Amino acid sequence: MALIKGNATQVSIPLSVTVTRDGAEQVIEFTALYKLRTRAEQLEQAQHLDAEEYVGIERPMMRIARAKDALRESVVGWTGLHGSDGEEVGFSAETLDEMLA
């Protein structure tokens, strides 16, 4: 039985992320928008994540690189994300890359 009926293409997930800067923790809450993938797309992505570009990377760093790549492929937007100045941060691939750096 499917959890979501019909052909949903995206799902919104509320997130709470704890960031540590200079020894102080900050909790950031926002809602991320993820692209749902077909089984075929999931398999294709899994093959990409096992690609040669990861050869020579130490195992823990490889896992981090794979997780970041998976997020780049899946996150297509967000709402409620605010910068340190209190202004809302709009979604873009470049901003997502900055966050994952």
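Residues are numbered from 1 along each chain as its sequence is written, and side-chain values use heavy atoms, with hydrogens and water left out. Because the model is predicted, local features need pLDDT of at least 70 and side-chain atom pairs count only at pLDDT 80 or more, while totals for chains, interfaces and linings use all residues.

**The sheet**

- Strands here are DSSP runs (E, at least two residues), as are helices (H or I, at least four), and both are numbered from the N terminus.
- Strand β1 covers residues 10–21 and strand β2 residues 24–35, and twelve bridges pair them in the antiparallel sense; two strands pair if DSSP finds at least two bridges between them.
- The hairpin of β1 and β2 has two residues between the strands, and there Asp22 takes a positive phi near 50°.
- On to the next pairing: β2 and strand β3 (residues 75–79) run antiparallel and are joined by four bridges.
- Across from β3, Thr31 stands opposite Thr79, and Tyr34 stands opposite Val75.
- Put together, the three strands make an open sheet in the order β1-β2-β3, with antiparallel pairing.
- Both β1 and β3 stand at the edges with a single partner strand each, so one side of each is left without a neighbour in the sheet.
- From one strand to the next the twist averages 40°, with axes taken as lines fitted to C-alpha atoms (for helices over the stretch in contact) and angles running from 0 to 180 degrees between N-to-C directions.

**The aromatic rings**

- Rings of Phe, Tyr and Trp (its six-membered ring) pair if their centres lie within 6.5 Å; planes under 30 degrees apart count as stacked, over 60 as edge-to-face and the rest as tilted.
- By this rule there are two aromatic pairs.
- Phe30 and Trp78 pair edge-to-face, at 6.4 Å centre to centre and 80° between the planes.
- Since Phe30 lies in β2 and Trp78 in β3, that pair ties together parts 48 residues apart in sequence.
- Trp78 and Phe91 also form an edge-to-face pair, with 4.8 Å centre to centre and 85° between the planes.
- Phe91 lies in the loop between β3 and α3 (93–100), so its pair with Trp78 in β3 ties together parts 13 residues apart in sequence.

- Buried means under 20% relative accessible area, exposed over 50% and partly exposed in between (1.4 Å probe, protein chains only).
- Phe30 is buried at 11%, and Trp78 is buried at 9%.
- Phe91, at 30% relative accessibility, counts as partly exposed.
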